[in-house]
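I opened a new page for this chain.

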Amino acid sequence: MIKKEDVYKIGRLGKAHGVKGEVSFQFDDDIFDTADADYLILDIDGILVPFFMEEYRFRNDSLALVKFCDVDTQQRASELTGCDVYFPRSIADERAEGLSLSSLVGFDLIEANGKGKVGTIAAIDDTTQNILFELEDGTLIPASDDLITNIDTTRQQITMQIPEGLLDI
């Protein structure tokens, strides 16, 4: 059984495309193209289910058309509309180029000066040039390489040197 903590969300399936079972895939992270994975994990009614990809092609830098194995009709593809798409953390961790930002969602943020856990990363705000970690309580922390002292993928923790007073805002 696939557990939620073993995967991270990379996008969502849209409408069926054509009559042969293709479905549109709006993605935030193109790890499925850069890592060695033959499948994506779909959330179907709260159950995480692996779906093997037959092929995919990019429409632009955030949309792809995906053909899953055994999804051969427009009707079957339509049943997948709206499913959240996840990627296995274990495969993402093996990737030579390093971690993607999306894979850090769910990691605990630890303050380097020994004050302990600050919170858990709920989202990544990359809408501006300054990328931010958004914690579950809504706190925003700059995701600067200069502040990150360690990333432990096994324990799913990021240790950071958080500027004094930032957490008091």
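My entries follow in the order I looked things up.

**Ground rules.** I am working on a predicted model, where local features need pLDDT of at least 70, side-chain atom pairs count only at pLDDT 80 or more, and totals for chains, interfaces and linings use all residues. Residues are numbered from 1 along each chain as its sequence is written, and side-chain values use heavy atoms, with hydrogens and water left out.

**Salt bridges.** I took a side-chain nitrogen of Lys or Arg within 4 Å of a carboxyl oxygen of Asp or Glu as a salt bridge. The count came to eight.

I looked up D84 next. D84 pairs with K9, with the closest N and O atoms 3.3 Å apart. D84 sits in strand β6 (residues 84-88) and K9 in strand β1, so this bridge ties together parts 75 residues apart in sequence. Strands here are DSSP runs (E, at least two residues), numbered from the N terminus.

R12 also bridges to D84, at 2.6 Å from N to O. I noted R12 in strand β1 and D84 in strand β6, 72 residues apart.

For burial I used relative accessible area: buried is under 20%, exposed over 50%, partly exposed in between (1.4 Å probe, protein chains only). D84 is buried at 17%. K9 is partly exposed at 38%, and R12 is partly exposed at 42%.

I then checked K117. K117 bridges to D108, the closest N and O atoms being 3.3 Å apart. K117 is exposed at 52%, whereas D108 is buried at 19%. Shared partners join K9, R12 and D84 into one salt-bridge network.

**Q157.** Q157 lies in strand β12 (residues 157-160). Is Q157 buried or exposed? I found it buried, with a relative accessible area of 18%. Leaving aside residues up to four places away in sequence, Q157 touches F107, D108, I110, N150, I151 and D152. A contact is heavy atoms within 4.5 Å.

**Pocket.** My search ran on a 1 Å grid over the protein atoms alone; a pocket is an open set of points where a 1.4 Å probe fits, with protein on both sides within 12 Å along at least five of seven lines. Lining residues have an atom within 4 Å of a point.

The largest pocket has a volume of about 360 Å³, taken as the space filled by probe spheres set on the points. It is lined by 17 residues, and Y8, K9, D28, S102 and V105 lie nearest its centre. Strands β1 (7-17) and β8 (116-125) each give two or more residues to the lining.

Technical notes
Helix = DSSP H or I, 4+ residues; strand = E, 2+ residues; numbered from the N terminus.
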